[in-house]
Amino acid sequence: MRVQLTARHRLLALAAALAALAPTGARADTGEFDAYSTLFYEFGGPLEMLVVNPRANLRVDPADELSLNASYDADIVSGASVAVVDAPSTEVDAITSATQLDDFRSVISGGLTARSQYGSIRGSYAYGFESDYRSHSFTIGARTDLFERNTTFDLSYARGFDEACLLNQPRVQEAVERRRLDSSDGCFDDENVDRTSEDIDLQTFQGSWTQAWAPIFVTQLTVTAQLIEGFQSNPYRAVWLGRSAAQEHHPNTRFRYAARLSARLWVEPLSGAIQANVRAYRDNWDVRSITAELAYEQSIDGAVRIRARGRYYTQGAAAFYSDNYALMPRGQYFTGDRELADMESFMAGLQLIWQVTSGTEGASLGPFQTFRLVAKADFIHHQFPNFRYGGASVPNNNSIVGTLGVDLVF
Amino acid sequence: MGSRSSSEFPWRGALALLLLVLAGALAGGCVTVRPEEREYLADPAMTFGSEGTAGAQEEHVLTNREGSYGAGDVTGGGCGCN
């Protein structure tokens, strides 16, 4: 009940913030409102996971050179997770002893973009909060068009200050003695001596170069470097180490690098576009991955667009990952996170967009210029060749992702 | 393994990438697609980041289920249509 009341108050605060941004006294020339909801459902035996992610965003342009935006999004999580990975048991395995997980995360953000004939600069702030985690994030960025706007450069820098809740264990000296957090009750409550918190600092640099090479061919190269310092384990997850279980223990520093090359080619006879992306990633935990994606987008009568795509992802495990730390320890760190194991995933999906523009074929949308309806569905299959819960393979390795959204341009 | 000092940032790789981008951009400067030729480049199917909120939400899902992060779409198609 406490969570529901708190969430309601926060929604009211957001509504007030959106109202403050809305064009009351000053008339906005243009703007856009969109509301989307994504449903992620991962299924398989007792480890089902359901995440609903609603999001609303409002952008107003009080002048040609300025845009303001505010948004709210949430993650409503319900499912089950394995508390002690690889726990030995003769009667119940680690999966059937999974614990129920419910979480509600909110993010409120706002920002502005200023434009000129030479390019644009932007800045934004986001505050995320949930029962056991808080985050503040600041982002600045700039972009410029060169060579008769055939070339675009974009640079951004983001700084994050996060805080995670932990079990307070002041007498524990070694990571192997640290117990996991079993509940978020009392987190961020100064009077609760059983809880403490750890900081996580994030810095993210990103640059991109977009180039039109021909009237039907454009590419984009994007490079990201991220530095995360601080607590990066899951405080709820413990790993069986042979004689006892301890809260998983990840390194405190993570450098992450990713580069992606994207290309889009217009197929004139079909009035559609082929879209291809390849991404390479690595970090100093020795996780390496390649992502390849191929899509085709077709326009039908100008009002309907349909996009079909496939995606393949392959990843190598972190250097300190082991499927059994009791028999095969890997140094001072240990993890029960399947996202740090060897992994492959296959994804296929369709997207449908229906757009009506005021004035086109007599359509009237009142105060709005454009109405857009977006529906999207994807199926994902994961494979974990060397990740097991005890002796059991990962049961929840299939998932569906569905998105429904509306855009209104005024 | 694990923690690594900031002095181990791959400066040589970053410098090589920067030089590659600069060389490419200079080469791109030799290419001229005139405004009247940008009809197809202005189509949403040719515009990076045109998936908007739906694309951001999908990236959010994937980032939470995979060990990788970064190099997502940056809005724009270099078509001068924005």
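Two residues are in contact here if their C-beta atoms, placed from the backbone, lie within 7 Å. Keep that in mind for the close-ups below, which all come from a predicted model.

**View 1. A:A318 and its contacts.** Setting aside neighbours within four places in sequence, A:A318 touches A:W285, A:D286, A:V287, A:T335 and A:L340. Together with A:V239, A:A318 has the most contacts inside the largest nonpolar core, a group of 25 residues. Three elements of chain A, β4, β11 and β12, each give two or more residues to this core. Strand β11(A) supplies the largest share, with three residues. Elsewhere lies a second, separate core of nine residues, and among its members are A:A212, A:V218, A:W266 and B:L41.

View 2. Zoom in on β11 (residues 238-240) of chain A and you will find three bridges to β12(A), with the two strands running antiparallel. One pair to look for is A:W240 with its bridge partner A:A245 in β12(A).

View 3. Chain B has two helices and zero strands, and 37% of its 82 residues count as buried. Helix α2 (residues 52-63) of chain B is twelve residues long and spans 16 Å from its first C-alpha to its last, close to the 16 Å expected at 1.5 Å a residue. Which residues of α2(B) are buried? They are B:T53, B:A54, B:Q57, B:E58, B:V61 and B:L62. On the chain A side, these buried residues pack against β1 (30-43), β2 (49-63), β18 (370-383) and β21 (398-409).

**View 4. Where the two chains meet.** How many residues of chain A are in contact with chain B? There are 67, and they meet 42 residues of chain B. Strand β13 (residues 253-267) of chain A gives the most to chain A's side, with nine residues. By class, that side has 29 nonpolar, 24 polar and 14 charged residues.

**View 5. Confidence along chain A.** The average pLDDT of chain A is 88, and 91% of the residues score at least 70. Residues 1-5 of chain A stay under 50, and the model has one contact for them beyond four places in sequence. The pLDDT is also below 50 over residues 11-28 of chain A, a stretch with 16 contacts in the model beyond near neighbours in sequence.

Note on methods:
Residues numbered from 1 in each chain as written. Chains lettered and ligands numbered in written order. Predicted model: local features only at pLDDT ≥ 70, side-chain atom pairs only at ≥ 80, totals over all residues. Helix = DSSP H or I, 4+ residues; strand = E, 2+ residues; numbered from the N terminus. Nonpolar A, V, L, I, M, F, W, Y, C, P; charged D, E, K, R; others polar. pLDDT = per-residue confidence, 0-100. Expected span 1.5 Å × (residues − 1). Buried ≥ 20, exposed ≤ 12 C-beta atoms within 10 Å, placed from the backbone. Pairing = 2+ DSSP bridges. Core = buried A, V, L, I, M, F, W, Y, C linked by C-beta atoms within 7 Å.
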